[in-house]
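I opened my notebook to look up a few things in this structure. Here is what I went through, entry by entry.

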Amino acid sequence: MADSQIAAPYTDFSAVMTGAKPFQLSGRPARYTVLYFYPKDNTPGCTTESIAFRDLHAQFQQAGTEIYGISRDSLRSHEGFKSKLGLPFELISDPEEAMCLQFGVMKMKNMYGKQVRGVERSTFVIDADGKLMKEWRGVKVPNHAEDVLEFIKSQA
């Protein structure tokens, strides 16, 4: 488990997100920012994970937390995925893998018996000062959003 004294594994970054809005990590007004990296829009695990964060969104907001999903998909794909699922938070497009590499989520994975390079499902909680509070790597989807919310609530 990471604690609030661990230095961030990244530098500040900006990116494009759904709604044609710019994202800048520094200066986020929320007490906490959740960045969840997922492999691909419209796949079963990623859909289930996004729905779980969607369903707990109001509780995350009550805890002063913003949520952002990040994958290598295009903004067009993200817009469709966000609309289809009714996601109340923005999705960040990282087709050049800049954020994926910075957070170390690109891994070799087995898919149908073949080695492929892809995003390891991972979640990071960052405080308002830009410090990494906790990270989850190799995430299993069931109960993950609840675990993230519980961690944030335990910080209060």
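Which side chain meets that of Arg137 in a salt bridge? I found Glu135, at 3.1 Å from N to O; a salt bridge here is a side-chain nitrogen of Lys or Arg within 4 Å of a carboxyl oxygen of Asp or Glu.

A note on the source: this is a predicted model, where local features need pLDDT of at least 70, side-chain atom pairs count only at pLDDT 80 or more, and totals for chains, interfaces and linings use all residues. Residues are numbered from 1 along each chain as its sequence is written, and side-chain values use heavy atoms, with hydrogens and water left out.

Back to the charges: I get 8 salt bridges by this rule. One of them joins Lys21 and Glu90 at 3.0 Å, N to O. Lys21 sits in strand β2 and Glu90 in strand β5, so this pair ties together parts 69 residues apart in sequence; strands are DSSP E runs of at least two residues, helices H or I runs of at least four, both numbered from the N terminus.

Next I checked burial (buried is under 20% relative accessible area, exposed over 50%, partly exposed in between; 1.4 Å probe, protein chains only). Glu90 is buried at 11%, while Lys21 is partly exposed at 39%.

Last, the cysteines: I found 0 disulfides, a disulfide being a pair of cysteine sulfur atoms within 2.5 Å. For Cys46, the nearest cysteine sulfur is that of Cys100, 12 Å away. Cys46 is buried at 1% relative accessibility, and Cys100 is buried at 0%.
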